[in-house]
Amino acid sequence: MPAPHATNHPERKETVTAELSGMADREFRAVDLAAERGERLLFEHLEFKLSPGQLLQVSGRNGCGKTSLLRILSGLSRPTAGEVYWGDEPIRSVDGGTGSCLGYLGHQNALKEDMSAEENILIAGRLGGGRPERETVLAMLGGLGLAGYEDLPVRFLSQGQKRRVALARLLLQPRALLILDEPYAALDVQVIEVLRGAIEAHLTRKGMIIITTHQAVDIDGDCRNLHLG
Amino acid sequence: MSERGIQWFRFTAPANFYDLAGRLIPWFAALTIALFAVGLYLGLVVAPSDYQQGDSYRIIYIHVPTAWMGMFLYVLMAAYAAIGLIWRIKMADVMAKAIAPTGALFTFLALWTGALWGRPTWGVYWVWDARLTSMLILLFLYLGYMALHAAIDDRQRASNASAVLAMVGVVNVPIIYFSVQWWNTLHQGASITVTEAPTMATIMFVTLLIMVLAAWMYSVAVVLARARVELLERERNARWVQERLEGGTK
Amino acid sequence: MFHPLLALLRRDLTLALRRPQDALTVVGFFVVVVALFPLGIGPDPEFLRSLAPGVLWVAALLAVMLSLERLFSDDFRDGTLEQLLLVPEPMGLLVLTKIVAHWLITGLPLVLVSPLLAIQLNLRPDEIAILMLALLIGTPILSLIGAIGAALTLGLRGGGVLIALLILPLYAPPLILGAGAVDAVMHGSSAQAHLSLLGAMMVFALFATPWATAAAVRIMLD
Amino acid sequence: MMEFLAMGGYAPYVWGSYLIMAGLLVVEMLQLRYRRRSLLAWIRRMARLRAQEEKQ
């Protein structure tokens, strides 16, 4: 195993970044969205447009429907009214499913507790149709401060560490739009910095990001705000 | 074309459905009573007794209608459920849910009358005859549908999930029927089968027809009434409900 | 091993191997249920023999049904099911892959231990062969149909009991055909008709049920 | 009349069928009426409470 060679490869970063799926020049639009949970109307007539390179921060108090909105935007839920468009296509009829153009990180980390961080990420990558390389995964995990934890079953990791593994998985799947539900929860300051760097990098290569968060994290780039409730 | 589209929309709008059903129910109820009165008179008094089965055959006048309604209502329920699921028409969901209890009731009655008819005819209450067994499984399908609907709190999700179940069930009903029939012939030969008087007298036929119609009208009336209650419950905060309450409507 | 579906299959099998007790519990249930029957109906070998096809099939059917609750619930709880919905592959195929993995873990072991139990119930070798063949064709049907129920009860309280009510009525046809096949051999006729119909049913279930299951998963996660 | 009620000796079976059917249909209708009434009463009360709240 020629380990010394694997460090500091200048090309590696490019192979990760260059892959942003070819549809990255499309706009992402929400038109006249409405959602209800049980009896309650969460929001209606919600509209916005997101162009490549832009970030949208969704804010609002607890229970105002942030998570519901993100699930609708990612195509997991159907809105009560309205439609979400990826370019000119409704998101739920995009070729290959919504997952081919966006990545979603919900409240749950979606990790298999009996598998290691590395296995989890490799499998997710293959499920997404990619062929993730081991070194890339290890580098990403290292960057998020998980060096040495890669091959432990995930159930041994702390809440914050699990969150980082989930983030690593998402960042390693190059999708034009990343939808992040409270990505900062359970992260410490250092990792927040790393994540900020990753978000900014995603924006500079014309990616889009939709994010909900409690704490204000200033991000360099074209940022919009959407207030619910 | 467009006009029909609007009419259909008018019918599916909850308030219109509520009013229309409210006006129709008394008519269906009256028809039900009239048809049952005539049917029962013909079936119990006028029709002569069977030369083989004596008077016990008179159970046929309720056994056959309940069995038909049990099966037919399941198909109708699945059709409404499918419409509700595919085209997202809430009224169809309401109708599907409203049909289930009546369908289950008729299926149960078909089993009950079948058993009471079986005792004098075959000497036992229950035989594992293809038709009775299929009806029993149909009853389980109804119960499953209602249990699933009740188990899910979110109303839309409950409707959609039980719609999937109803559609799976309706595909399975013929498969179940044929496999049970096959099993039945293999195990018992043709020794026990219901022989519904090969040459049915006209009076019997007419009576049966009237009783089937009566069961039909009853189902329509009760299902519409239940759909109205269901609607009220779903839309209790809507303006049209409040308006009708203030107006002192029933 | 790079194709997404193969990756999913391997993932599920790996996870099952890391927790072998789950699969073993199902086999254990099957064995215990069959072993209890003679205690209930008496040890007469001929009588047991005549009941054997039905007993073995009903026990297998219950074992499969009980195991089904786990088919999606783990993935549902940790959020991986949600991520599966975002995988750019048809959900029906993903669901089918999970069912195949589930059958390999629970259905196949049932087929493999069935001869031991059949011997206890005094079945003859040719009858045992047909029993295994019928189970081999029939248990996938049970898994395929049961998956719909597993998906429809995701996240519901009392889901296990509800699955039984939803799914057991639909199990009537495979039960009739599967137990009937062994019965036919026992009475000296051929089991071919039973097995052909069972095979046709499996093909139909293979093509039809994964889509219903996929729809159910989408609905329950909506 | 007695002859009619006896149903040629099959009275328990015939009347057992007809009466149970009549009984269950009546139960279904009564249950539906009860459900409708309690629901309406409940909706009215909610409306009244809401009106009071608005006044304050």
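What percentage of the 250 residues of chain B count as buried? In this predicted model, the share is 44%.

**Figure 1. Chain B is built from helices, eight of them, with zero strands.**
Read from the N terminus, the order of elements in chain B is α-α-α-α-α-α-α-α. Consider the contacts of chain B between residues at least 6 apart in sequence: 79% of these join residues at least 24 apart. Of the 250 residues in chain B, 44% are classed as buried.

**Figure 2. The largest nonpolar core comprises 228 residues.**
The residues with the most contacts inside this core include B:Met77, B:Val164, C:Leu56 and C:Ala216. Helix α4 of chain B, residues 90-122, gives the most to the core, with 17 residues. Domain 1 (24-101 + 176-229) and domain 2 (110-174) of chain A both supply residues to the core, so it lies between them. In soluble globular proteins, nonpolar side chains tend to be buried together.

**Figure 3. B:Met77 is one of the residues with the most contacts inside the largest nonpolar core.**
Which residues are in contact with B:Met77, leaving aside its neighbours within four places in sequence? They are B:Ala96, B:Ile99, B:Ala100, B:Gly103 and B:Ala166.

**Figure 4. Chain A is assigned two domains, with domain 1 formed by 24-101 + 176-229 and domain 2 by 110-174.**
The C-alpha centres of domain 1 and domain 2 of chain A lie 23 Å apart. Contact between them involves twelve residues of domain 1 of chain A and eleven residues of domain 2 of chain A. Helix α7 of chain A, residues 189-204, provides five residues, the largest share of the domain 1 side that touches domain 2. By class, that side of domain 1 of chain A has nine nonpolar, two polar and one charged residues.

Strand β3 of chain A, residues 54-59, pairs with β9(A) in the parallel sense over six bridges. A:Gln57 is positioned opposite A:Asn225 of β9(A).

**Figure 5. An antiparallel open sheet of four strands in chain A has the order β2-β1-β4-β5.**
Strands β2 (40-50) and β5 (89-90) of chain A form the edges, and each pairs on one side only. Strand β4 of chain A, residues 81-86, runs antiparallel to β5(A) and is joined to it by two bridges. A:Trp86 has A:Glu89 in β5(A) as its bridge partner. Helix α3 of chain A, residues 66-73, lies across β1 (28-37), β2 and β4 of chain A, running at about 130 degrees to β1(A).

**Figure 6. A:Glu200 belongs to helix α7 of chain A.**
Is A:Glu200 buried or partly exposed? With 14 other C-beta atoms within 10 Å, A:Glu200 is partly exposed; burial requires 20 or more such atoms, whereas an exposed residue has 12 or fewer. Not counting residues up to four places away in sequence, A:Glu200 touches A:Ile219, A:Asp220 and A:Gly221. A:Cys223 is 23 residues away from A:Glu200 along the chain, and the C-alpha atoms of the two are separated by 11 Å.

How values were computed: Residues are numbered from 1 along each chain as its sequence is written. Chains are lettered from A and ligands numbered from 1 in the order in which they are written. This is a predicted model: local features need pLDDT of at least 70, side-chain atom pairs count only at pLDDT 80 or more; totals for chains, interfaces and linings use all residues. Two strands pair if DSSP finds at least two bridges between them. Two residues are in contact if their C-beta atoms, placed from the backbone, lie within 7 Å. Domain bounds come from an automatic or database domain assignment. Ala, Val, Leu, Ile, Met, Phe, Trp, Tyr, Cys and Pro count as nonpolar, Asp, Glu, Lys and Arg as charged, and the others, Gly among them, as polar. Axes are lines fitted to C-alpha atoms, for helices over the stretch in contact, and angles run from 0 to 180 degrees between N-to-C directions. A nonpolar core is a set of buried Ala, Val, Leu, Ile, Met, Phe, Trp, Tyr and Cys residues joined through C-beta atoms within 7 Å.
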